[in-house]
Amino acid sequence: MTSTKSVTRSAPSSVQVTTIASSRLTVQTPGRGFTDLTSEAAKFVNEAHARDGALTLFIRHTSASLTIQENADPSVLVDLTTALSRLAPEDAPWTHDTEGPDDMPGHVKTMLTQTSLHVPVLNGALALGTWQAIYLIEHRARPHRREVVLQFIGGNQ
């Protein structure tokens with residue numbers, strides 16, 4: 001059990017929802033791996049004149065996904081790619097292989113990760129931690145054109 005002395009919380013704040021802003025982000029991936037979307041998400045929040053609220057990101061695909069992960073050491077992303085490949089290997093006896101040996105593993109990897117993210121926006125900025133970034137994860141070997149819907153709900157400046 002956590003002692004109350006080791007936990008602090010800021011006072012609650014509230015905002016009247018005055019804005020719902022949406023945009024579609026098109027990303028050309030280079031193939032399997034991580035693409036950093038943090039600057040595009042921050043740019044959208046800025047262009048929406050967002051103050052306080054929530055940014056939702058939703059990827060419109062079943063063999064690519066979204067995650068928030070460390071942005072300081074690139075070896076983290078290499079190790080995560082390795083881990084996902086071990087969890088859903090291409091050489092497993094998959095039944096669904098119409099689009100190639102990397103398709104069904106891509107679906108499994110998407111199921112293990114996320115198709116949507118929710119990021120708080122405070123004082124007009126993404127409330128990410130110091131070492132956090134928003135990534136699109138391409139699970140297929142070849143390049144793909146991916147769409148991510150961005151939506152801010154909250155108050156504006």
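These are my notebook entries on what I looked up in this predicted model.

**Ground rules.** I number residues from 1 along each chain as its sequence is written, and I leave hydrogens and water out, since side-chain values use heavy atoms. The model is predicted, with local features needing pLDDT of at least 70 and side-chain atom pairs counting only at pLDDT 80 or more, while totals for chains, interfaces and linings use all residues.

**Overall layout.** I looked up the elements and found three helices and eight strands, which follow the pattern β-β-α-β-β-α-α-β-β-β-β along the sequence; helices (H or I, at least four residues) and strands (E, at least two) are DSSP runs numbered from the N terminus. The C-alpha atoms fill a box of roughly 55 × 40 × 25 Å, taken along the principal axes. Of the 157 residues, 36% are buried, where buried means under 20% relative accessible area, exposed over 50%, and partly exposed in between (1.4 Å probe, protein chains only). I also noted that, among contacts with a separation of 6 or more, 84% join residues 24 or more positions apart, a contact being heavy atoms within 4.5 Å.

**The sheet.** I traced an open sheet of five strands in the order β1-β8-β3-β5-β6, with antiparallel pairing; two strands pair if DSSP finds at least two bridges between them. Its edge strands are β1 and β6 (125–126), each pairing on one side only. Nine bridges join β3 to β8, and I found Asp52 standing opposite Gly155 in β8. Helix α1 lies across β1, β3, β5, β6 and β8, and runs at about 135 degrees to β3 (axes are lines fitted to C-alpha atoms, for helices over the stretch in contact, and angles run from 0 to 180 degrees between N-to-C directions).

**The cores.** I then turned to nonpolar cores, each a set of buried Ala, Val, Leu, Ile, Met, Phe, Trp, Tyr and Cys residues joined through side-chain atoms within 4.5 Å. The largest has 23 residues, of which Leu55, Leu57 and Val148 touch the most other members. At least two residues each come from β1 (19–28), α1 (38–47), β3 (50–59), β4, β5 (116–122), β7 (132–138) and β8 (145–156), and β3 gives the most, with four. Leaving aside neighbours within four places in sequence, Val148 is in contact with residues including Leu25, Leu57, Ile59, Leu66 and Leu136.

**Helix α3.** I listed the buried residues of α3 (residues 103–112) as Asp103, Pro105, Gly106, Val108, Lys109 and Thr110, and these pack against β4 (64–70) and α2 (74–87).

**His96.** In the loop between α2 and α3 I found His96. Is His96 buried or partly exposed? His96 is partly exposed, because its relative accessible area is 31%. Not counting residues up to four places away in sequence, His96 touches Asp103, Met104 and His107.

**The cavity.** Last, I looked for a cavity, which on a 1 Å grid over the protein atoms alone is a set of points where a 1.4 Å probe fits but cannot get out, with lining residues having an atom within 4 Å of a point. The count comes to one cavity of 30 Å³ or more, and about 60 Å³ of space lies in the largest cavity; grid points are joined across faces, edges and corners, and a volume is the space filled by probe spheres set on the points. Its lining includes Phe34, Thr81, Lys109 and His139, and α2 gives the most to this lining, with three residues.

Technical notes: On a 1 Å grid over the protein atoms alone, a cavity is a set of points where a 1.4 Å probe fits but cannot get out, and a pocket is an open set with protein on both sides within 12 Å along at least five of seven lines; lining residues have an atom within 4 Å of a point.
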